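Me: I would like to go through a structure with you. Could we begin with the terms?

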Amino acid sequence: MKIALIGYGYWGPNLAKNLYINKNIEFVGICDQNLTKLKKAKEVYGENIFYTTDYKEIMKDNSIDAVAIAVPTEYSYAIAMDALEVCKHVFIEKPIASTMYRAQKLVDKAREKRLIIHCDHIMIYHPVIRYIKNMIDRGELGNLLYIDITRTNLGPIRKDINAMLDLAVHDIAVINYLAGNPDFRELSAMGEVCYGKQETLTFLNIKYDYFIANIKSSWISPIKERRTVVAGTKKMAIFDDVAIDNKLTIYDKGIDVKSTDEYGEYEVHTRLGDIYIPHISNEDALQNSVTHFCECISNHKESLSGPEQSLKVMKVLEQAMKQLHND
Ligand SMILES: NC(=O)c1ccc[n+]([C@@H]2O[C@H](COP(=O)([O-])OP(=O)(O)OC[C@H]3O[C@@H](n4cnc5c(N)ncnc54)[C@H](O)[C@@H]3O)[C@@H](O)[C@H]2O)c1
């Protein structure tokens, strides 16, 4: 399968490396409109692949099966649309688009052309998130009570989208994945611009039928945090993605409610059990995401982070954006 990459800025090099090492992919070329970036790419990949500043060159090459797009979100829509138009499968960096309207147009085009569109909701391909998902599916956590996610750092401050579109997109995708793609009932969003024109700090609360979620996204934190708390009625899990080892801790803790002899009366007890750190394979989430994209192309099946999931994530983001901007 021949794949070319468009965009070799901050994230593109990570994607390039993972395309290059994947044994099912023939990584054929890199496009970036910035010559300095292309020069850097050439230092890594030499004469093995082609380089261009004009992505239309890739569109004209019928031998290329798919493109991976890692340009800022404001430009990715046009490139993805062009790629689908000339029958190339699309791996697109998150968020799939800056608006629901654009996301829907991309999905419609992919479906019309029977092509794979895969949005890189990278965290759902993370081995720790997969592990938690298995625990939930096996009933080990019990019923979900809440999911609380913090994703903060100092920058990078983006100009084309706000912190919520940049960061919470990962977390909404994770919540959807863990909980089986539920529809939300209601949400509330708050944000502060602080610098520039986009919100640099946002808080998002989402109510689903049987649990609630809280997502904090910030580009103005003194420390980098990547923490996900998943609380169930039986056990609770904390995933710290900044930790080098032992990223996941499972707490056999919870609340037990027992009825008493008195009618309608009950007692509430805290339950303190073992704490353990499971061994989890050290797989690379981006490599898993790339591999899944290839499998979807080979097997003609919709990506886990394809049309259905991307639109569900965008639905939450669009509603939250309306609240932020009082639309
Ligand atoms: N999955 C993740 O965890 C993750 C992490 C960081 C960024 N991203 C995503 O990756 C994408 C890119 O982000 P970034 O931080 O690398 O941005 P960036 O600005 O650092 O790099 C973008 C690159 O695209 C190039 N570019 C822009 N328009 C182009 C065009 N029309 N043709 C060719 N090249 C073009 C620019 O010259 C630049 O080198 C965004 O969608 C972002 O959300 C994903």
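Reply: Helices (H or I, at least four residues) and strands (E, at least two) are DSSP runs, numbered from the N terminus. This is a predicted model, in which local features need pLDDT of at least 70 and side-chain atom pairs count only at pLDDT 80 or more, while totals for chains, interfaces and linings use all residues. Residues are numbered from 1 along each chain as its sequence is written, and side-chain values use heavy atoms, with hydrogens and water left out.

Me: Which helix gives the most to the shell around the ligand?

Reply: Helix α4 (residues 73–85) does, with 3 residues.

Me: And which residues come nearest to the ligand?

Reply: Of the 23 residues around the ligand, these are Tyr10, Trp11, Asp32, Lys94 and Arg158. A residue counts as near if one of its heavy atoms lies within 4 Å of the molecule.

Me: What lies 2.6 Å from an oxygen atom of the ligand?

Reply: A polar side-chain atom of Asp32 does. A polar contact is a pair of N or O atoms within 3.5 Å. Glu93 has a polar side-chain atom 3.0 Å from a nitrogen atom of the ligand.

Me: How much of the ligand does the protein cover?

Reply: The protein covers 85% of the 850 Å² of accessible area that the ligand has on its own. Accessible areas come from the Shrake-Rupley method with a 1.4 Å probe.

Definitions and conventions: Polar contact = N/O pair within 3.5 Å; in protein donor to acceptor, adjacent residues only side chain to side chain.
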